[in-house]
Amino acid sequence: PYSVTGGLETVAVRMPAHPVALNLIEESGAPIAAPSANLSGRPSPTNAMHVITDLLNKVDVIIDSGETFFGVESTIIDVTREPPILLRPGPFTVEELQEKIGIRVEVPKVARGISEAEKALAPGMKYRHYAPKARMILVTGKSLEEIVGKVVAVLKRERAKSIVLATEETMKYYAQEKIDAISLGTRKNLYSVAKNLYSKLRECDEKEVELIICESFEERGIGLAIMNRLRKASGGKIV
């Protein structure tokens with residue numbers, strides 16, 4: 001039914017790994033069609049308190065089964081095409097997919113968050129998405145020194161209450177400059193960045209800043225999913 005497919009001719013099917021979700025499916029005794037527990041366009045929730053903040057009085061029951069394991073949403077691929085096309089990058093990386101299925105997976109610009117899809121075949125493919133309330137700028141560079149230099153330059157140019165989303169490797173530079181910064185995690189393990197991304201965006205909202213400046217990451221492995229979310233969250237505002 002179109003109520004399940006969002007009016008499309010295809011539907012994404014997944015089996016969750018979490019025991020609470022698996023038990024809920026088993027106890028229901030029926031197939032479950034459900035959206036994610038987040039408001040469209042906002043940073044996704046990664047714990048029950050985030051869901052309560054977004055959906056209190058909008059749903060009947062909220063089950064607290066702890067924090068999400070990966071932080072970012074699942075990987076979605078379109079297997080109706082040849083070769084399969086990545087629609088949304090997630091924790092299960094393109095490199096892992098290709099190794100498992102033995103087929104090249106195409107990665108279009110829309111999966112990198114560089115452009116918008118004419119038709120949203122999966123969540124997050126159009127418009128500003130995963131976004132905090134504050135304006136956000138994504139800073140890119142070929143080295144950490146270049147990224148930090150650009151961040152400092154943007155802060156000097158922008159006259160707004162700002163905060164930097166940094167990493168463990170760069171926090172000391174911002175401390176030296178007396179710049180307010182929050183660490184997303186370590187570049188040595190980008191899964192830590194993915195896990196913390198949405199909660200830190202929400203933390204920025206709680207601080208009521210006007211501008212968030214975020215460092216960029218290498219688009220390999222889980223880094224592809226992180227950059228997809230950051231490009232969408234910034235609405236394409238990239239330096």
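A residue is called buried when its relative accessible area is under 20%, exposed when it is over 50%, and partly exposed in between (1.4 Å probe, protein chains only). By that scale Glu 203, with a relative accessible area of 26%, is partly exposed.

The structure is a predicted model, in which local features need pLDDT of at least 70, side-chain atom pairs count only at pLDDT 80 or more, and totals for chains, interfaces and linings use all residues. Residues are numbered from 1 along each chain as its sequence is written, and side-chain values use heavy atoms, with hydrogens and water left out.

Side chains of opposite charge can pair when their charged atoms come close. A salt bridge is defined here as a side-chain nitrogen of Lys or Arg within 4 Å of a carboxyl oxygen of Asp or Glu. This rule gives a count of 12 salt bridges, including the following.

| Salt bridge | N to O distance |
|---|---|
| Asp 78 and Arg 81 | 2.9 Å |
| Glu 203 and Lys 200 | 3.5 Å |
| Arg 231 and Glu 219 | 2.8 Å |

Arg 231 belongs to helix H9 (residues 223-233), while Glu 219 sits in the loop between strand S6 (211-215) and H9, so their pairing ties together parts that are 12 residues apart in sequence. Helices (H or I, at least four residues) and strands (E, at least two) are DSSP runs, numbered from the N terminus. Arg 231 is buried at 13% relative accessibility, whereas Glu 219 is partly exposed at 29%. Through shared partners, salt bridges join Arg 112, Glu 219 and Arg 231 into one network.

Glu 203 and Lys 200 both lie in helix H8 (residues 190-206), 3 residues apart, which is about one turn of the helix. In the remaining pair of the table, Asp 78 is buried at 9% relative accessibility, and Arg 81 is partly exposed at 37%.
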